[in-house]
Amino acid sequence: MSSPSLSPPRSAFQAYVAEWLRNPRGDVLSGILVALALIPEAIAFSIIAGVDPQVGLYASFIIAMVIAFVGGRPAMISAATGAMALVMTGLVRDHGLQYLFAATILTGVLQLAFGWAGLARYLKFVPRPVMTGFVNALAILIFLAQLPQFAGEGWQMYALLALALAIIYLLPRVFRAVPSPLVAIVVVSLVAVFAHADVRTVGDMGRLPSTLPLLSLPQVPLTLETLGTIFPVALTLSLVGLLESLLTAQLVDERTDTTSDKNTESRGQGIANVVTGFFGGMAGCAMIGQSMINVSSGGRGRLSTFVAGVFLLLLILVMQPLLVQIPMAALVAVMIMVSVGTFDWNSLRTLTRVPRGETLVMLATVAVTVVTHDLSKGVLVGVVLSALLFARQVSQLSSVSYGDAPDGTRTYHVNGQLFFVSTHDFVRSFDLTDPAAPAVQRVVIDMTGAHLWDGSAVAALDKVRARFAARGLPPEVVGLNAASETLIDRLTAGGPAGGH
């Protein structure tokens, strides 16, 4: 009797195809919704960067379509973003649009290099409180970004907004075949048109392109001076873009309970930016807000990202007469939904139960991000603060105790991790000024329970040995582990400390 054959594991190609076809209906509907939400964002980010709206729109549909094929995180939406736009403003103002296109291409090249170098593995150094602060700050920024849409608007804007929010939150209780935000956009648009509502529409946001972008080389001198001009901007864009993209990928991983290849995503972001730079678009990266819209509306595969890009192109070129009539109230309602859904409300409920250090890190990340409107700065502050608090906490776990033997030997027992933060207290722990000290004839420092991590620890141990030697009691250091001995051998010319 033959044993039952096991089905062979899926090949990489089969897995890739599955990422396209496993959820076609949900991906198409969610992609359409994302495309509608991309319009005002792309226009707004173009204005921030100081370029024509078509630059952001071109970038958005090109990046979305390219990343759908080469990205490492299915269902994640990449396009023109505010964080990237802020970095571009100076270059566009001082040198013009063509230099922006050149910087965009160089940004992509650098991201490709970072992807091949495996930079994504450093994502593990972003602590959980920083991730929580990152998500909460993003939710707040998304909400704050909607407030300018209310400037100068009357009661009709608020009425349409209320109608859209009611549809978004109440419709799923009775009908789920179509994402409720998509239904809200259609219904509110029809109401606004037939009621001749005096409200701001997509058409009021700026001039939309009417032709496809053309492939062209940036019209800049191919000189070292040009490279010196665009390289600092491109390096900043590449790092900000990768940070935002990889953190967004991590967030989508958690929301969908799946995993993704972050290095592939890094390379994919690079390829997308190289392509968009040659077609007259600005550099972009993953968009957390639109990615959350996609995932919340049922998007799970690469098809959702591709549909978002293609439908955005159709909206701009084919359906522009309809597109320009969509009230901003409907799109604002969708973004408010995203803001509410993105915020980690559990982080508020557990605020008093988690360690105070973690709460401080989360709040600092939120505060810096909201004040600067720069997610990368908030994350950087959060990571640095986490490292400092961790170092302080670990340093408090080291201790020094001693015991005296009848033969006049005093043995100091050192326990814990010795590095630059803990060395000050370590040195102060050795004292021969107590009444029993005159009877001490010999000093032993037992390092069995300790580990030396850096040059500061080695210097502190040498300082303790020198102090005892000055009193005529050169200590014997015992119990050093192999790693600590190796570090001492490398950093001190005289070899290991003491007679261990």
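## Strand pairing around β5

Strands β4 (residues 409-418) and β5 pair in the parallel sense, over nine bridges. Within this pairing, Q417 has H451 of β5 as its bridge partner. The model is predicted.

Strand β5 spans residues 442-452. Eight of its eleven residues are buried, so the strand is mostly covered, buried being under 20% relative accessible area. Strand β5 also runs parallel to β6 (residues 476-478), and three bridges join the two. Here I445 stands opposite V477 in β6.

## The β-α-β unit

Helix α19 covers residues 455-470. Together with β5 and β6, helix α19 makes a β-α-β unit. The unit is right-handed.

## Helix α1

Helix α1 runs over residues 12-21. Its buried residues include A18, E19 and W20. The buried residues of α1 pack against three helices: α2 (24-49), α3 (53-70) and α12 (302-317).

## S347 in helix α15

S347 belongs to helix α15, residues 346-349. Its relative accessible area is 8%. S347 counts as buried because that value falls under the 20% cut-off.

The side chain of S347 makes a polar contact: it reaches the backbone oxygen of D344 at 2.5 Å. Leaving aside residues up to four places away in sequence, S347 touches T132, N136 and M362.

Note on methods:
Residues numbered from 1 in each chain as written. Predicted model: local features only at pLDDT ≥ 70, side-chain atom pairs only at ≥ 80, totals over all residues. Heavy atoms only, no water. Helix = DSSP H or I, 4+ residues; strand = E, 2+ residues; numbered from the N terminus. Buried < 20%, exposed > 50% of the residue type's maximum accessible area, 1.4 Å probe, protein only. Polar contact = N/O pair within 3.5 Å; in protein donor to acceptor, adjacent residues only side chain to side chain. Contact = heavy atoms within 4.5 Å. Pairing = 2+ DSSP bridges. Right-handed = clockwise from strand over helix to strand, strands pointing away.
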